Every structure is written in structure tokens, then in C-alpha cells.
Amino acid sequence: MNERDYQLTPFIERFNEYIEKINDSLSKEIECYSWSEFYLPLKYACQGGKRIRPLILNLAAETILDKSISSMNSKVADNIFSVSSAIELLHTESVIHDDIIDSDNIRRGQPAFHIKYGHNASILTADFILGIILNISAKTNNSHVTRELSKASIKMSEGEMLELRLVKNHKISQKQYINVIENKTASLFEAAAKIGAILANGNEDQINALANFGRLLGIAYQIHDDIIDYNNEERLFNILVKQSEQNNIFIDIMENTYLNYSELARKELERIEGNNRSKRILQDLTNLSSFS
């Protein structure tokens, strides 16, 4: 996996050092399955993306430890990068399913996984990926990490199922919309930040603060993303917009909503003492334009 495998954006250029290490770790995990029928599909599925969620895990760990991962004990660093791979793989597994459910044919400028490999292979590959995640989790020998990965997976599925029901009804409240994205998207942001704190042996207050940060940032991120794409997609957010009598005013309201969640995420970081570089980067990420 090299630079050609993912989209070069200002975000990726800024965090290239982290992303290269995350990609190296992800490649090592995938290479363990070079014998498998799933090897080439796995490589295809993992191409592209900004690696936002594993990046948050790395930064959360550094925020607690007050030093860079590269300067840590090699076993600790390997553990962090390995679980970062599990976070990215869980996101990848969800993307495969999402594209099938949403009938999306393009992902990151390439044919969506189900277009290239077919629906049956897509379902089986997603199952195989969950097996890899379980294996990574077992290697960490940390029940807290396993529990958070499991919780995220369950919540993501709950969010997707709830969205399917609401879309079918063609009627939705703002509260229901937030509930969907809190489960479907924000749960993995929360898991990433919380696991980073757990692997760094943070105390209970630090772990809770970073978990809340991840959840709130994830909600803000998805609202922001939905606002940008609402004219091009027939999704839950579109239904919400169409229910409003004045679309422009409603969009303004939702922009204020995501800004409020971003500010709440920033406040959670303030609960953590110190002001190291990694904490400042996480604070910067509450400005959603950072992800562009």
C-alpha cells in the first residue's frame, strides 16, 4: 500500500507521517492472508481513504502519553498501530455493506467493491474482515479493547438498521436522524478515541473525555458531510431537508448543529490536562474543514 493507493489531499499531506505508518501496519495485517482467496479483494477494499479513524486513535494515545508513538516502547507502538488497523478494517467492512445497501457504484473514484467483485463475494469478504478484526483483538490480549470494538460494531449495525426503517417510512425527525448517525458513524469515532486512551493507560476521566470527544466529533463530521452532499444523494438527510418548508433555513440550522457538536467535542478535550502537540491537533480537527 503506497501513496498511489489513497487520495492525496491537504489532510493526507499534513498527516502523511502517521498515515504511512498506519498503511504499513494495515499492509502487514493483510499480508498475513496472502494465502487466501480473499487476499486480492482485501487489498482492493483497503485502498484509498484518509484513515481518519485510526489517526484519531493514534493522536488520542499520544495525547495521554504526552509523546509521539515513534518514541514509545516498540511493543506499545506495535499494539497501537495494530489496533489502528482493526479500526480501519471495521470501517472498511461497513463501507462494503453500505455501498450495497445504498446502491452506490463508485467509492473513492473507483468501482465500489460489490461492482468489482459481486454481491456474494462482498458479503463473504466483509465476514472475513470481521474475522481479521477478531484476530487482531485477540493479539492485544486486552479485554477493554475487544469490548470497545464489539460495541462499535453492534452500534454501527443498529444505526444502519434504524436508517433502513426510517428511509422506508419516508418520515424522520431531527432527533431520529441524530440517533442514526450517533450509532452508524460516531460510534467508530468514539471507539477509536477511547481505545487510544485505553492503550495509553489513561485514567477513567481521560478515557471518558476522549470517548466523548470522539462521539461528538463523529456526529459533527457526519452532519457536515451530509450537508455537503445532500443535493447528490437520496439518503436520510435528504428526507429531513424535504420535510422542511424552507430548505435554506433548515440547512443553516443544521450547520449550526454540527458547529455546536464540534464545540462540545473541543470542550471534552479541555478536560484533559496539558497542551501537547497531539492534543492541539485533535482540537484542530474539531474544525471540520480540516478533513478537506
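Q: How many residues does helix H8 have, and what does it reach from its first C-alpha to its last?
A: This is a predicted model. H8 runs over residues 143-169, which is 27 residues, and reaches 39 Å, close to the 39 Å expected at 1.5 Å a residue.

Q: What happens at the start of H8?
A: A side-chain oxygen of asparagine 142 comes within 2.9 Å of the backbone nitrogen of histidine 144.

Q: And what follows H8?
A: Histidine 170, with a positive phi near 55°.

Q: Which helices do the buried residues of H8 pack against?
A: H5, H7, H9, H10 and H12. The buried residues of H8 include Val145, Leu149, Met156 and Leu166.

Q: Charges now. How many salt bridges are there?
A: Eleven. In one of them, lysine 194 pairs with glutamate 148, with the closest N and O atoms 3.2 Å apart. That pair links helix H10 to helix H8, 46 residues apart.

Q: Is glutamate 148 buried or exposed?
A: Buried, at a relative accessible area of 5%. Lysine 194 is buried too, at 14%.

Q: Which residue meets glutamate 163 in a salt bridge?
A: Lysine 184, at 2.6 Å, N to O. Glutamate 163 is in H8 and lysine 184 in H9, so the bridge ties together parts 21 residues apart in sequence. Both residues are buried. Lysine 184 also forms a salt bridge with glutamate 160, at 3.5 Å between the closest N and O atoms.

Key: Residues numbered from 1 in each chain as written. Predicted model: local features only at pLDDT ≥ 70, side-chain atom pairs only at ≥ 80, totals over all residues. Heavy atoms only, no water. Helix = DSSP H or I, 4+ residues; strand = E, 2+ residues; numbered from the N terminus. Expected span 1.5 Å × (residues − 1). Buried < 20%, exposed > 50% of the residue type's maximum accessible area, 1.4 Å probe, protein only. Contact = heavy atoms within 4.5 Å. Polar contact = N/O pair within 3.5 Å; in protein donor to acceptor, adjacent residues only side chain to side chain. Salt bridge = Lys/Arg side-chain N within 4 Å of Asp/Glu carboxyl O.
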